[in-house]
Amino acid sequence: MWRWAKYLVRKSPSRIAAVPEPSLRTLDSQYRFHRCASRPSLSIWRRKKELGKEGLIVAKELKRLRSDPVRFDRYMRSSVSRLLRSDLVSVLAEFQRQDQVFLSMKLYDVVRKEIWYRPDMYFYRDMLMMLARNKKVDETKRVWEDLKREEVLFDQHTFGDLVRAFLDGGLPSVAIDIYDEMRQSPDPPLSLPYRVILKGLLPYPELREKVKDDFSELFPGMIVYDPPEDLFEDENEDGRTGSEDD
């Protein structure tokens with residue numbers, strides 16, 4: 001009986017240490033920690049790309065050997081394949097910046113074979129932007145087939161930038177093909193990308209009318225600015241006058 005009484009005293013609520021309730025500051029800090037921990041990491045193709053010493057050496061050697069296919073392929077297998085991910089990404093970004101189409105396509109193939117590679121919208125966007133600047137149709141078709149196979153989806157703003165890039169590059173047929181893909185996208189349409197496209201279509205009035213009709217259907221009540229019809233005629237006449245004066 002005495003043992004049972006001691007057991008009850010030992011287990012009584014008065015002997016149990018009180019657990020302090022968490023303060024509002026503690027709860028807020030814990031919430032912010034879990035929110036940041038669950039946030040997805042920034043795409044490697046959107047991070048700042050700095051060309052390190054190893055990447056700089058590889059970039060210079062690839063440019064030097066590009067005219068020698070045998071030595072070039074040997075160097076690709078021996079050195080480029082051993083680059084760290086950050087160096088490989090930086091070298092590709094540098095070749096894209098320099099509009100080195102051949103070298104960019106070579107590293108594009110290397111990247112897609114890496115074990116760490118994951119299909120990424122920004123990876124394909126940068127490639128297509130570079131190809132648009134250099135008016136490369138065949139390479140564009142190849143890259144587009146790859147991204148379709150990998151089920152990469154562009155957002156509306158990226159679609160608009162790509163269409164505009166190919167229009168500015170003088171490839172309206174490719175631009176319209178991408179525009180058709182944009183129209184079939186599951187993302188809801190936005191007015192700003194359409195305005196970007198319409199501005200790039202000023203030299204192509206027939207195509208512009210088609211996109212303008214789509215814009216009016218998607219965004220009723222919004223106004224599209226139409227420049228004067230003689231705008232380009234005046235520019236052409238000024239160009240001819242300048243050439244005659246020369």
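My notes below go from confidence to helices to the core.

**Ground rules.** This is a predicted model, where local features need pLDDT of at least 70, side-chain atom pairs count only at pLDDT 80 or more, and totals for chains, interfaces and linings use all residues. Residues are numbered from 1 along each chain as its sequence is written, and side-chain values use heavy atoms, with hydrogens and water left out.

**Confidence.** I looked up pLDDT, the predictor's confidence in each residue, from 0 to 100. The protein chain averages 82, and 74% of the residues score at least 70. Residues 12-19 stay under 50, and the model has three contacts for them beyond four places in sequence; a contact means heavy atoms within 4.5 Å. Residues 24-40 are also below 50, with one contact in the model beyond near neighbours in sequence.

**Helix α3.** Helices here are DSSP runs (H or I, at least four residues), numbered from the N terminus. I found α3 at residues 53-65, reaching 19 Å from its first C-alpha to its last, close to the 18 Å expected. The expected span is 1.5 Å times one less than the number of residues. Next I listed its buried residues: Gly55, Val58, Ala59, Leu62 and Leu65. They cover an arc of only 140 degrees around the axis, which puts them on the same side of α3; the arc is that of the directions from the helix axis to the C-beta atoms. I noted the general rule too: an α-helix has 3.6 residues a turn, so residues three or four places apart point the same way. Buried means under 20% relative accessible area, exposed over 50%, and partly exposed in between (1.4 Å probe, protein chains only). The face of α3 turned away from the buried side carries exposed Lys53 and Lys60. Among the elements covering the buried residues are α4 (69-78), α5 (85-97) and α6 (101-113).

**Helix α7.** How many of the 13 residues of α7 are buried? I got eleven, so I wrote it down as mostly covered. Those buried include Met121, Tyr124 and Leu128, and the buried residues pack against α5, α6, α8 (137-149) and α9. Asp120 caps the N-terminal end, with a side-chain oxygen 2.7 Å from the backbone nitrogen of Tyr122. After the helix comes Lys135, whose phi is positive, near 55 degrees.

**Helix α9.** Thr158 sits in α9 (residues 156-168) and counts as buried because its relative accessibility is 6%. Leaving out residues up to four places away in sequence, Thr158 touches Met121 and Arg125.

**Helix α10.** I checked the buried residues of α10 and wrote down Val174, Ala175, Ile176, Ile178, Tyr179 and Met182. Their cover includes α8, α9, α11 (191-200) and α12 (205-218).

**The core.** A nonpolar core is a set of buried Ala, Val, Leu, Ile, Met, Phe, Trp, Tyr and Cys residues joined through side-chain atoms within 4.5 Å. Of the 60 residues in the largest one, Trp45, Leu62, Val80, Leu107, Tyr124 and Phe154 touch the most other members. α7 gives the most to this core, with ten residues. Last, I followed Leu107: beyond four places in sequence, it touches residues including Leu62, Met76, Val80 and Phe95.

Definitions and conventions: Helix = DSSP H or I, 4+ residues; strand = E, 2+ residues; numbered from the N terminus. Polar contact = N/O pair within 3.5 Å; in protein donor to acceptor, adjacent residues only side chain to side chain.
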